[in-house]
Structure formats: structure tokens, C-alpha cells
Amino acid sequence: MSLVREKFEEVTGVFKGDGIHNERQAIQARLIGEAILGGQAFQIHLIAHDASGDIVHEEQTIVSAASEGKQLQMFNFNTSNRVAVLEHVTAPEGEYADGQTLWQFASKDLTDANRVRMRVTLRRLNSNTLEYNYEQGLPGMVLQPLTSVVLSRV
């Protein structure tokens with residue numbers, strides 16, 4: 001089984017749930033996860049709406065094995081950061097040794113406050129429920145939660 005398929009098997013499908021955007025705004029979100037390119041990559045589409053139906057956060061993510069094949073890399077484009085499609089790498093294992101985290105990706109240097117930084121974490125709460133967290137730090141600002149949702153398999 002490929003590294004990508006192994007890591008994302010539990011995320012395949014459609015998930016829906018509620019959460020918070022910008023620490024105060026209630027949202028409803030849908031996450032669709034699917035293997036692409038014969039399982040060599042994985043695609044995640046997350047879209048979040050506020051109570052009036054307006055999109056407040058949307059992202060398209062592609063995950064694949066890095067060139068050496070032992071680590072995963074993520075390319076994320078979203079409505080909260082239109083700077084560019086930013087590459088993220090798998091965060092160090094010690095940061096998510098809770099046994100529930102399926103993956104965590106972060107900008108290459110989260111400590112460089114002179115640039116945009118992001119961290120995306122996906123945790124398994126149980127066999128049909130996921131928690132998705134997106135954190136962002138703009139230049140000159142600290143890394144802070146932007147979108148957090150709990151999603152159940154549909």
C-alpha cells in the first residue's frame with residue numbers, strides 16, 4: 001500500500017459538521033477526501049459556510065509523497081491566503097504523538113514571523129468523526145486558529 005493511501009484511507013469520503021471561523025463565527029462545513037492519480041496522491045476539498053450561506057473559508061489541498069518517498073508533502077490553496085499555493089511538510093512526529101492525529105502539515109518554518117505561516121491538522125475523534133484545524137500567521141503576527149470544525153462521515 002502506498003504511503004499516501006495508508007495515511008488517508010480513513011479520510012476518504014464525505015464528512016459534514018459544525019465549527020468556528022475566526023474564533024467567533026459559527027460555520028457549517030463539508031470535507032470531501034478522495035484518492036487521485038491511482039492512489040499516488042490525495043485530494044481534500046473543504047468548504048465552510050456561515051449561517052446565511054456565504055462561503056467564509058474554502059480550500060483545495062493535494063497531498064503526495066515527497067520526492068524521496070518517505071515523507072508526505074501538502075500543497076494548499078485557500079480563500080484565507082491568496083498569496084500563492086504554499087508547500088507544507090509533515091510536522092515532526094513529537095508534535096502529534098496523541099495516537100489520534102492522522103496528519104499535521106506546516107509551513108517549513110513556523111518561527112519566521114516575517115512570512116505567511118500555516119499549519120493544518122486532521123485528528124480522528126472516532127471511526128466516523130474527524131476534527132480539522134487550520135491555523136495561520138500573517139507576517140508580523142503570531143500563528144492563530146482560523147478555522148476549526150468537527151466533521152462526521154455522511
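Colleague: Okay, which strand does E131 lie in?
Modeller: E131 sits in strand β9, which covers residues 129–137. Keep in mind that this is a predicted model.

Colleague: Got it. Is E131 buried or exposed?
Modeller: Buried, because its relative accessible area is 18% and the cut-off for buried is under 20%.

Colleague: And what does the side chain of E131 make a polar contact with?
Modeller: With the side chain of N133, at 3.4 Å.

Colleague: Which residues does E131 touch, leaving aside those up to four places away in sequence?
Modeller: On that count E131 touches T121, L122, R123, L125, V149 and V150.

Colleague: Which residues are on which side of β9?
Modeller: T129, E131, N133, E135 and G137 are on one side, while L130, Y132, Y134 and Q136 are on the other, and all of these are buried. In a regular strand, side chains alternate between the two faces of the sheet.

Colleague: What about the partners? How do β8 and β9 pair?
Modeller: They pair in the antiparallel sense, over nine bridges. There are two residues between them, and they form a hairpin. V120 is opposite Y134 in β9.

Colleague: And how many bridges join β9 to β10?
Modeller: Eight, and these two strands run antiparallel as well. N133, the polar contact of E131, stands opposite S148 in β10.

Colleague: How many residues are between β9 and β10?
Modeller: Six, and the two strands form a hairpin. In the turn, G140 has a positive phi of about 85°.

Colleague: Switching topic: which residues have the most contacts inside the largest nonpolar core?
Modeller: F8, L31, W103 and Y132, in a core of 25 residues. Strands that each supply at least two of its residues include β2, β8, β9 and β10.

Colleague: Which strand gives the most to this core?
Modeller: That's β3, with four residues.

Colleague: Last one, back to Y132: which residues does Y132 touch, not counting those up to four places away in sequence?
Modeller: Quite a list: L31 and W103 are among them, along with L46, E59, V120 and T121. Y132 also touches L122, T147, S148, V149 and L151.

Technical notes:
Residues are numbered from 1 along each chain as its sequence is written. This is a predicted model: local features need pLDDT of at least 70, side-chain atom pairs count only at pLDDT 80 or more; totals for chains, interfaces and linings use all residues. Side-chain values use heavy atoms; hydrogens and water are left out. Buried means under 20% relative accessible area, exposed over 50%, partly exposed in between (1.4 Å probe, protein chains only). A polar contact is a pair of N or O atoms within 3.5 Å; within protein, one must be able to donate a hydrogen and the other to accept it, and residues adjacent in sequence count only if both atoms are side-chain atoms. Contact means heavy atoms within 4.5 Å. A nonpolar core is a set of buried Ala, Val, Leu, Ile, Met, Phe, Trp, Tyr and Cys residues joined through side-chain atoms within 4.5 Å. Two strands pair if DSSP finds at least two bridges between them.
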